[in-house]
Each structure stands twice: as C-alpha cells, then as structure tokens.
Amino acid sequence: MVTPSAAPPEPEWGACSFCAVAVPPGATQCPICGAADPISASEMSNVSVHQRRRLQATGVFRSLIVIAVALGLAYLMISLVVGGPPVVVDPLTTNGLYPLAPGNSTVISGEITGGDFIIGNFSTADPVGLNLELAVYNSSQMPQYLNGIGPVPQYTLGPSASGRIVFSAPYTDEFYFVFTNPYPASSNLSFVAEISTTYESNVGDEGFA
C-alpha cells in the first residue's frame with residue numbers, strides 16, 4: 001500500500017521590518033518601501049519586543065491614515081450632495097470703486113444671453129459731481145473701439161455724475177461696458193467711479209418685458 005505524500009506547506013507571508021506592510025511569499029524586499037529582509041510569519045515570534053511593538057504601532061498608524069482619508073472623502077461627498085453645485089458669480093455682477101484719470105476708461109465684460117439684462121448704477125466721487133460716460137460694445141465692435149475707429153455703441157449713458165443702467169442684450173454675445181472719464185488730460189479732473197452691475201436672467205421674469 002502506497003502512503004500518500006504529505007501536502008506541501010502553504011506559502012508563508014511576512015511583514016516588512018520597516019513599514020509593517022504585508023510581504024508576499026518568497027519576496028526578498030518590501031514591495032512598498034523597498035526594505036530588505038522581510039520577517040516571515042514563523043519568525044515573528046522571535047523578533048525583539050521593541051521591534052514587535054514598533055511594527056504594531058506602524059500598522060495602527062497606517063490604519064488610522066486610511067480611516068482618516070475615507071472619512072474625509074465621505075465628508076466631501078456628503079457636503080457636495082447637501083450643498084449642491086458651487087455658485088459661480090457672473091463677471092457682469094460686480095460692485096467696485098474705479099479711479100479714473102481724465103481720458104481714461106475701465107471695462108467690465110462678460111457673455112450675456114440674448115434677452116437677458118444687465119441692470120445697475122454708477123456715480124462719481126472724490127470729487128462728487130464730475131461726469132462719467134458709459135458705452136456698451138459687442139464682441140465685433142470692441143476691437144474697432146480699441147483701434148480708434150469709433151463704432152456706434154449698443155447702449156450709451158451720460159455724460160452724467162450718476163446714472164441707472166438697464167441694458168437688454170439683443171442676442172447672445174460677449175458685451176463690453178466701457179466707463180470713461182470724458183475730460184481731456186489737460187483738465188486734471190480725476191475722480192473715483194462707483195459702479196454696480198447685476199446680471200438678470202429673462203427666464204420667467206416679465207418685469208422688464
């Protein structure tokens with residue numbers, strides 16, 4: 001009668017002597033940190049108490065990192081679901097102070113959907129009462145304006161020390177709101193323009209119809 005041979009021993013995993021990560025059977029170095037001479041499972045009971053504690057502490061620390069990352073991702077996902085998508089402020093919704101030397105301009109620009117509105121106001125200060133001009137150009141007119149050709153604006157206001165802006169875009173395009181100090185350079189009449197604009201969608205709004 002032939003006695004069956006004993007089954008070969010199961011491959012033995014080990015642990016890295018430096019970072020405590022599991023090392024596959026037969027490996028001569030850690031696949032993570034590259035440290036040599038991993039400790040096999042059968043040798044673990046023979047290592048010093050100090051090294052065993054260090055390996056245990058390293059394993060706990062790695063587990064805490066994994067848990068912290070998982071909790072952070074869960075918090076981020078829950079925040080996105082509860083808070084909804086981020087609100088992006090339109091570049092034509094502004095409020096600011098703009099120092100303007102005589103003959104100089106400042107430009108506020110952005111895309112407007114046809115039928116939507118830009119409403120707002122402007123005034124001058126420091127000193128109060130000087131005039132400001134507004135001209136609105138579309139994307140094809142603005143290069144002409146910059147080259148000194150002088151196209152007919154889509155919309156104008158002033159010259160005035162203050163004004164109410166109500167501009168309705170006739171079509172979807174990039175529009176440029178050019179605010180200009182109309183005084184000649186020789187006048188030395190500088191001032192601060194306070195400008196406020198708000199993008200108003202025409203969807204479901206009959207207030208401007």
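Colleague: Does Phe175 count as buried or exposed, and at what relative accessibility?
Modeller: This is a predicted model, so the value is one computed from predicted coordinates. Buried is the word for a residue under 20% relative accessible area. Phe175 therefore counts as buried, its relative accessibility being 0%.

Colleague: Which kind of aromatic pair do Phe167 and Phe175 form?
Modeller: Phe167 is itself buried, with a relative accessible area of 3%. A pair of aromatic rings is described by the distance of the centres and the angle of the planes. For Phe167 and Phe175 the ring centres are 5.3 Å apart and the planes stand at 65°, and because an angle over 60 degrees puts a pair in this class, the pair is edge-to-face.

Colleague: Which residues form one aromatic cluster with Phe167 and Phe175?
Modeller: The aromatic pairs come to six by the rule applied here. Phe167 and Phe175 belong to one aromatic cluster, whose other members are Tyr155, Tyr171 and Phe177.

Colleague: How are the rings of Tyr137 and Tyr145 arranged?
Modeller: Tyr137 is buried at a relative accessible area of 6%, whereas Tyr145, at 26% relative accessibility, counts as partly exposed. Their ring centres lie 4.9 Å from each other and the planes make an angle of 25°. Since planes under 30 degrees apart fall in this class, the aromatic pair of Tyr137 and Tyr145 is stacked.

Colleague: Which element gives the most to the largest nonpolar core?
Modeller: The largest nonpolar core has 22 residues, and those with the most contacts inside it are Ile112, Phe167, Phe177 and Phe179. Two or more residues each come from β5 (105-112), β6 (117-125), β7 (132-137), β9 (162-168), β10 (173-180) and β11. With four residues, the element that gives the most to this core is β11.

Colleague: Which residues does Ile112 contact, leaving aside its neighbours within four places in sequence?
Modeller: Ile112 is among the residues with the most contacts inside the largest nonpolar core. With those neighbours left aside, the contacts of Ile112 include Leu92, Ile118 and Tyr199, and also Phe167, Tyr171, Phe175 and Phe177.

Colleague: How many residues are in the second, separate core?
Modeller: This core includes Cys19, Val21, Cys30 and Ala35. The number of residues in the second core is six.

Colleague: How far apart in space are Phe191 and Ala101, C-alpha to C-alpha?
Modeller: Phe191 lies in strand β11, which covers residues 191-200, and at 2% relative accessibility Phe191 counts as buried. Leaving aside neighbours within four places in sequence, Phe191 is in contact with residues that include Tyr98, Pro99 and Leu100. Ala101 is 90 residues from Phe191 in sequence, yet the C-alpha to C-alpha distance in space is 6.7 Å.

Colleague: What share of the contacts with a separation of 6 or more comes from residues 24 or more positions apart?
Modeller: The protein chain has two helices and eleven strands, which run from the N terminus as β-β-β-α-β-β-β-β-α-β-β-β-β. Among its contacts with a separation of 6 or more, the share from residues 24 or more positions apart is 70%.

Terms used. Residues numbered from 1 in each chain as written. Predicted model: local features only at pLDDT ≥ 70, side-chain atom pairs only at ≥ 80, totals over all residues. Heavy atoms only, no water. Buried < 20%, exposed > 50% of the residue type's maximum accessible area, 1.4 Å probe, protein only. Contact = heavy atoms within 4.5 Å. Phe/Tyr/Trp six-rings, centres within 6.5 Å; stacked < 30°, edge-to-face > 60°. Core = buried A, V, L, I, M, F, W, Y, C linked by side-chain atoms within 4.5 Å.
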